[in-house]
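Please look through the sequence and the model shown here before reading on.

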Amino acid sequence: IQINNNDEFVKSISSCKSYLNDVFALDALSGFEYFIDLTKDDLSDAQRLVISGHGNADNFSLLMSIKMDEKTFSKLLKRLQINPKDYSKFEHYKMYDIGTHYKKFVIVQHDGVFSASDNKELLQNSIRTFNSSKSILKSDGFNEIDQLLQKNNRQNWIIIHHERLMGFHLAKINDTFRDSFAAVGNLASWSAYQVRFTDNEVSFSGYSLMTKNSFFQRFVSQSGNHGDLPESILPAQLNYYVSLQIPDLAQYSQTSTSAEKADLLKLNCQESYCFSTTYNDTTLYNYVAVKGDTSQSFIVSILPEGHTLDSAVSYKNFKIYASGVPHFTNALSSIHQEVIPNYFTDYQGYYIFSDSIEPLKAYIDNCLNGQFIEQNQYYLFSKNNLPSDNRFQLFFQNQNKYLDHYLSSQFLQTQSGLENLRVFSYTFSQPIGNLVPNSIYLKFVTN
């Protein structure tokens, strides 16, 4: 976390810090802010505070650093009522132990920098790393991220190393979803986000540095306008939806299998939506919607061999057909791949696919009841806080009982602050070189 405006950061994060603690382990943050409060009259307003997280799920610690001269550090020791002679030595630096009402810390002033941590070994490693080839500034690809930070030094930033952050949280993820979660770590090496906190809401807006074989790479040469979200086909009470815009299918499908590519091109799958609902509060149904030609002549072309329009199952003036394009979801996002498109119906210019007939009957019932996502207040929160121009969009609505699909039962038993999360939304847009513009929106509710 790079904090360029400390007062604004402290004031705005207060309403969300307890919720974010599950993600970023911020329990030491209050202690760091205590040190800054004691020295802020002696520090320049332009001083940049950097807080970094290190370790793994079993041993995670925070480190803070800010430029500080020896004179200001001496004042801090006095205000903390620490005897300047009561120190332990590391190399030629003096390290001081301090117990605040937040937790225990070790502090040091070295090379014109004040550093503090709740882990002495981490602090020692930080001193060793200073100006060395092991510094984060020398990490592969970090230079492009650092240039972003230097260009905008008035905003507060959160910088993420994908593989390490995903690895830290992997044990919290349900076994059935763990592979998909781990794949997020392969999307990008680093991400940098400007962060904004307002009234139990958190917005991240920034860029990700994509890796060589990332899913993002499929969108490098994509061009063209995106389609608006079809609010009139998505149910109001859903668990999530994923929107995927692919203007150039031929370019996108270059890494797909021949069967996947054939189905994508046959459907002209430039615009697709994967979504999930819980029917009667108990049964989970997943769907994929594809915008396309829903004329009867085209429907015949995507039926299995030997099937005709008369092979359809009738349900309340709708027709449900067996699908002859069973492979296309495997070429889309990992979330789309949860749906096996065995059957489909059509509604308002879209094909609605699912793995069996019963989910499609439930979907038809919803359509006849007229309950669509534009009536969902949490969707409206997300819509108003994310850019509309995107190639990919994810909206997740936490209904608590659905969390066990993603999170391990052991983690849920810890009374996680994530139970207060109501909305998680994510979008990414057309890549710019190696950088992918993307945004995240979180909304929490108080108990």
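**Cysteines, cores and loops**

The sulfur of Cys367 lies 16 Å from the closest cysteine sulfur, which belongs to Cys274, and this is too far for a bond, given that a disulfide is a pair of cysteine sulfur atoms within 2.5 Å. This is a predicted model, in which local features need pLDDT of at least 70 and side-chain atom pairs count only at pLDDT 80 or more, while totals for chains, interfaces and linings use all residues. Residues are numbered from 1 along each chain as its sequence is written, and side-chain values use heavy atoms, with hydrogens and water left out.

With a relative accessibility of 8%, Cys367 counts as buried, where buried means under 20% relative accessible area, exposed means over 50%, and partly exposed is in between (1.4 Å probe, protein chains only). The structure holds zero disulfides. Cys274 is accordingly in no disulfide, and the nearest cysteine sulfur to it, that of Cys269, is 11 Å away. Cys274 is also buried, at a relative accessible area of 0%.

Taken as a whole, the protein chain has 14 helices and 20 strands, these being DSSP runs numbered from the N terminus (H or I, at least four residues, for helices; E, at least two, for strands). Its C-alpha atoms fill a box of roughly 90 × 45 × 35 Å along the principal axes, and buried residues make up 51% of the 447 residues. Of the contacts (heavy atoms within 4.5 Å) between residues at least 6 apart in sequence, 65% join residues at least 24 apart.

In soluble globular proteins, nonpolar side chains tend to be buried together. Here the largest nonpolar core has 87 residues, and those with the most contacts inside it are Phe35, Met64, Ile107, Phe114 and Phe328; such a core is a set of buried Ala, Val, Leu, Ile, Met, Phe, Trp, Tyr and Cys residues joined through side-chain atoms within 4.5 Å. When its neighbours within four places in sequence are left aside, Phe114 is in contact with residues including Phe35, Met64, Met68, Phe73, Leu76 and Ile107. A second, separate core of 29 residues includes Tyr315, Ala362, Tyr378 and Phe395.

Two packed helices are described by the angle between their axes and the distance between the axes. The axes of helix 1 (residues 6-13) and helix 3 (residues 29-39) come within 12 Å and cross at roughly 145°, the axes being lines fitted to C-alpha atoms over the stretch in contact and the angles running from 0 to 180 degrees between N-to-C directions. Helix 1 contributes Asn6, Phe9, Val10 and Ile13 to the contact, and helix 3 contributes Leu29, Glu33 and Ile36.

Which residues lie in the loop between strand 14 and strand 15? Lys316 is one of them, between strand 14 (313-315) and strand 15 (318-322), and Asn317 lies in that loop too. Although neither is a glycine, Lys316 has a positive phi near 50° and Asn317 has a positive phi of about 70°. Lys316 is partly exposed, with a relative accessible area of 45%, whereas Asn317, at 87% relative accessibility, counts as exposed.

Another loop, between strand 12 (271-279) and strand 13 (283-291), holds Thr282, which counts as exposed at 65% relative accessibility. The C-alpha atoms of Thr282 and Ala362 are separated by 13 Å, with the two residues 80 apart along the chain.
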